[in-house]
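Please consider the structure shown below. The explanation that follows treats charged side-chain pairs and then a surface feature.

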Amino acid sequence: MPSLEVEHKKLLNRREELLKQDVSLRKDYSILLRKISSVCQVLESLGEPTHLDANGVPEFQAPDYEKFKEWDALIPLLKSVEEVQALPLDQIEVPEALSESYELFKMTPLLHKDGAE
């Protein structure tokens, strides 16, 4: 008789675990659906039509790379920013309009206690 009770408790515990897993998986599934919906909305805002198959999974089309041609103009700007960031601070030329702000920045302590010394 005790072995039946032990088996019964094991089965009840297993059932509880499976119920918890079911709830967790349902939450994960709903989160995944919301993320897919967000991705579809972003693609549609870019002008990419999205179609859903029978399971509700989006079928993505190849992007139109012609839309990204205008972004090529930003590449030289990004390279110049990288070059400036690579320079040491003492070699960067501060414009006259920003010199006062830069001096205040250099003189301001990072921590409150650093300014008290």
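Arg14 is partly exposed, with a relative accessible area of 43%; buried denotes under 20% relative accessible area, exposed over 50%, and partly exposed the range in between (1.4 Å probe, protein chains only). The model is a predicted one, in which local features need pLDDT of at least 70 and side-chain atom pairs count only at pLDDT 80 or more, while totals for chains, interfaces and linings use all residues. Residues are numbered from 1 along each chain as its sequence is written, and side-chain values use heavy atoms, with hydrogens and water left out.

The side chain of Arg14 meets that of Glu17 in a salt bridge, at 3.7 Å from N to O. A salt bridge here is a side-chain nitrogen of Lys or Arg within 4 Å of a carboxyl oxygen of Asp or Glu. Arg14 and Glu17 stand three residues apart in helix H1 (residues 2-45), and therefore about one helical turn separates them. Helices (H or I, at least four residues) are DSSP runs, numbered from the N terminus. Glu17 is partly exposed, at 42% relative accessibility.

By this rule, the count is two salt bridges. Asp22 also forms a salt bridge with Arg26, with the closest N and O atoms 3.1 Å apart. Because Asp22 and Arg26 are four residues apart in helix H1, they are separated by about one helical turn. Asp22 is partly exposed at 33% relative accessibility, whereas Arg26 is exposed at 57%.

Elsewhere, Val81 is found in helix H2 (residues 74-86) and is partly exposed, at 36% relative accessibility.

Methods. Helices (H or I, at least four residues) and strands (E, at least two) are DSSP runs, numbered from the N terminus.
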